[in-house]
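Good morning, everyone, and thank you for coming. Please take a moment to look at the model on the screen, and then I will walk you through a few of its details.

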Amino acid sequence: MTRLTSSWDIPDVAAPVSDFGKTYRPFAHEGMYDFFKAARREEPVFYCPEIGYWVVTRRKDILPIFRDPDRFSASIALSPVTPFPDAMVRYLQENGFGAEQTQVNCDRPKHTRVRQVAAQFLNMKVFHSYEPQIRALVTDYVEGLKGRNRVDIVDAMTYELPARVLFLLMGIPDSEARKIKEWADNRLLMTFGKLSEAELLEAGKGLLDFWKYCQRMIEDRQAEPRNDYASKLLEVRDGDDSVLTLNEAASLVFGVLLAGHETTTNGLNNVLLELLRHRDQWERLVAEPDLIPNAVEEGLRFSSSVIAWRRRALEDVEIGGVAIPKGSNILVALGSANHDESQFEDPEVFDVARKNAREHIAFGNGIHFCIGAPLARLEIRIVLETLTKTFPNMRLVPQQRLDWVETIAFRGPVRLMVDLEG
Ligand code: HEM
């Protein structure tokens, strides 16, 4: 089963806490990039006592971690950063919560087997076969915006759109979009945020409902196969548990129903925010739409929607000259790697024509590299193409306050007020 920890999941290993390490605020997003810049210069690998993780900030130290899954386990990628209350763990266990490690938090050899099955459906060819439907969906949202001027683009479009795209692939009716978004929001906060005990207990009920929903989906598709992800998993399984068990199939659905839209919502919001903040770059895309695919990469680089990810050291290791004991938790700061001056010239400049923008690691690297990356890229590209064409004069509403959800991993503004007609 997925790791349901009710105590701090911090191994009993000695970790020196430096003055610098004490100043890192892993849940705060304001000023994060300035902090990372200082970290890369002054103390690129440090221990953060607030969460009990070693934080690694330089690209050249992060890549070897991703590329060495035998020494750096992904098993803690979805462990709750704030421990679940005992009562909640009991409640989930007694009521049949059974999501297991299948992909992003699963190690080899199981990961290899499961990813091969998932990739029969989650692949470039299938994603691109949905392009006409994705375009139609984006056009629908944009048509609905015409005639309005001041809108919160998150509420009006980017919060829901990636979920509805994913639902096309999953065979889920639109009427269930908001419910699943709420479950996913809760799950994200429970896993990566710092909810109070009361909030966690309440969110636990939603987590169980979410899991049961995924189990039911597998049962439904067993009875009545369709052209969707769950049906494909069952077809490839063909009744053989050594290929994929039914519980693994439900766990894969449970995984993708979070990974497949929260990330893209943030990706869209981040790139829109940066394009409108750097208005000359927006105007460049309006004039030169061929630059849009590169602007998608620059958006992911400059403002990564997954700012940090997690691994655990399976043996004593050395990272950037720092000795890290076996069993330590490691936070790899993807956002920092994507601003690393040793890889990107003038990293703090947002440049839609940047030549090596695609060298970012916003989708991770190695065996867990994001399986949905082509879909995310396609969605963001279509949205930018449609918005720059329909609302070339779009501007940010000046002096608005930006709020970020407080998590250690996901980053994106929760609201983005724009004037569509300038
Ligand atoms: C901008 C959007 C997205 C970003 C920034 C993003 C980022 C990431 C990252 C950082 C990882 C972990 C990689 C690692 O550990 O090396 C990951 C894994 C994953 N992502 Fe995405 N993702 C995005 C969109 C999507 C979409 C649209 C889907 C589904 C269709 C998806 C499904 C997955 C899955 C299933 C994994 C686990 C892969 C594995 O362990 O084999 N992601 N993603």
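Let me begin with phenylalanine 36, which has a relative accessible area of 0% and is therefore buried, since buried means under 20%. Please keep in mind as we go that this is a predicted model.

Which residue does phenylalanine 36 pair with? Across the whole structure a search finds 21 aromatic pairs, and in one of them phenylalanine 36 is joined with tyrosine 24 in a tilted arrangement, with 6.1 Å from centre to centre and 40° between the planes. This pair links distant parts of the chain, 12 residues apart, because tyrosine 24 lies in the loop between helix 1 (19-22) and helix 2 (32-42), while phenylalanine 36 is in helix 2 itself. Tyrosine 24 also counts as buried, because its relative accessibility is 4%. Both residues belong to one aromatic cluster, whose members are Phe20, Tyr24, Tyr33, Phe35, Phe36 and Phe46.

Rings also meet charges here: the charged end of arginine 187 sits over the ring of phenylalanine 254, 3.6 Å from its centre, and arginine 411 lies over the face of tryptophan 404, at 4.2 Å from the ring centre.

Turning to the ligand, its iron atom has a single donor from the protein, the SG atom of Cys370, 2.3 Å away, and cysteine 370 is found in the loop between helix 17 (334-337) and helix 18 (373-390).

Finally, helix 14, residues 262-277, spans 22 Å from its first C-alpha to its last, close to the 22 Å expected for its 16 residues. Of those 16 residues, 15 are buried, so helix 14 is largely enclosed by the rest of the structure.

Technical notes: Residues numbered from 1 in each chain as written. Predicted model: local features only at pLDDT ≥ 70, side-chain atom pairs only at ≥ 80, totals over all residues. Heavy atoms only, no water. Helix = DSSP H or I, 4+ residues; strand = E, 2+ residues; numbered from the N terminus. Expected span 1.5 Å × (residues − 1). Buried < 20%, exposed > 50% of the residue type's maximum accessible area, 1.4 Å probe, protein only. Donors = N, O, S within 2.8 Å, 3.2 Å for Na, K, Ca; no water. Phe/Tyr/Trp six-rings, centres within 6.5 Å; stacked < 30°, edge-to-face > 60°. Lys NZ or Arg CZ within 6 Å of the ring centre and 35° of its normal.
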